Amino acid sequence: MLRDMGRSLVIKTTAGADAPERCSQAFTVAATAVAGGVPTSLWLTGESAWFALPGRAAEFELPHAAPLVDLLEALLVGGTVTLCTQCAARRGIGPDDVMPGVRIAGAAVFVEEALREGAQALVY
């Protein structure tokens, strides 16, 4: 259904356990886009940076929401998951700490992705 759109989706989430509904919405929209065949990039910034670490998504709970760990797995398989460079540094997270498939990149890469022809950027 969505596969023929010729567009991509770039989602930045700043919310983590501090704003669980916003966080879940970002992951849900991103995973839904991946399931629909849309090239999708999810950026973990602010408090969502913690979800780049193994086991952290499994600790997240929100009633009536898909498990965050399942959404993240779908994104790692079918999309791109990026941890913000500055957010990682502020939390003492290095490249060896993150889950396989999570890259660490900065604002220039985010801007490049967001400004690609056909890209739609969303921030949660």
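In what sense do strand 2 and strand 3 pair, and over how many bridges? I looked that up first. Strand 2 and strand 3 run parallel, paired over four bridges; strands count as paired if DSSP finds at least two bridges between them. Helices (H or I, at least four residues) and strands (E, at least two) are DSSP runs, numbered from the N terminus.

A note on the source: this is a predicted model, where local features need pLDDT of at least 70, side-chain atom pairs count only at pLDDT 80 or more, and totals for chains, interfaces and linings use all residues. Residues are numbered from 1 along each chain as its sequence is written, and side-chain values use heavy atoms, with hydrogens and water left out.

**Entry: around strand 3.** I found Thr80 of strand 3 opposite Ser41. Strand 3 is also joined to strand 4 (residues 102-105) by four bridges, again parallel, and there Val81 has Val102 as its bridge partner. Four of the five residues of strand 3 are buried, so the rest of the structure largely encloses it. Buried means under 20% relative accessible area, exposed over 50%, and partly exposed in between (1.4 Å probe, protein chains only).

**Entry: the cores.** I then looked for nonpolar cores, meaning sets of buried Ala, Val, Leu, Ile, Met, Phe, Trp, Tyr and Cys residues joined through side-chain atoms within 4.5 Å. The largest has 34 residues, and Phe27, Leu68, Leu75 and Leu83 have the most contacts inside it. Helix 1 gives the most to this core, seven residues. A second, separate core has five residues, including Trp43 and Phe110.

**Entry: aromatic rings.** Which rings pair edge-to-face? I noted Phe27 and Phe51, at 6.0 Å centre to centre with 85° between the planes. Rings of Phe, Tyr and Trp (its six-membered ring) pair if their centres lie within 6.5 Å; planes under 30 degrees apart count as stacked, over 60 as edge-to-face and the rest as tilted. Phe27 sits in helix 1 and Phe51 in the loop between strand 2 and helix 2 (56-59), 24 residues apart. Both are buried, and together with Phe60 they form one aromatic cluster.

Trp43 and Phe110 have ring centres 5.4 Å apart and planes at 85°, so this pair is edge-to-face too. Trp43 is in strand 2 and Phe110 in helix 5 (residues 107-114), 67 residues apart. Trp43 is buried at 1% relative accessible area; Phe110 counts as buried at 13%.
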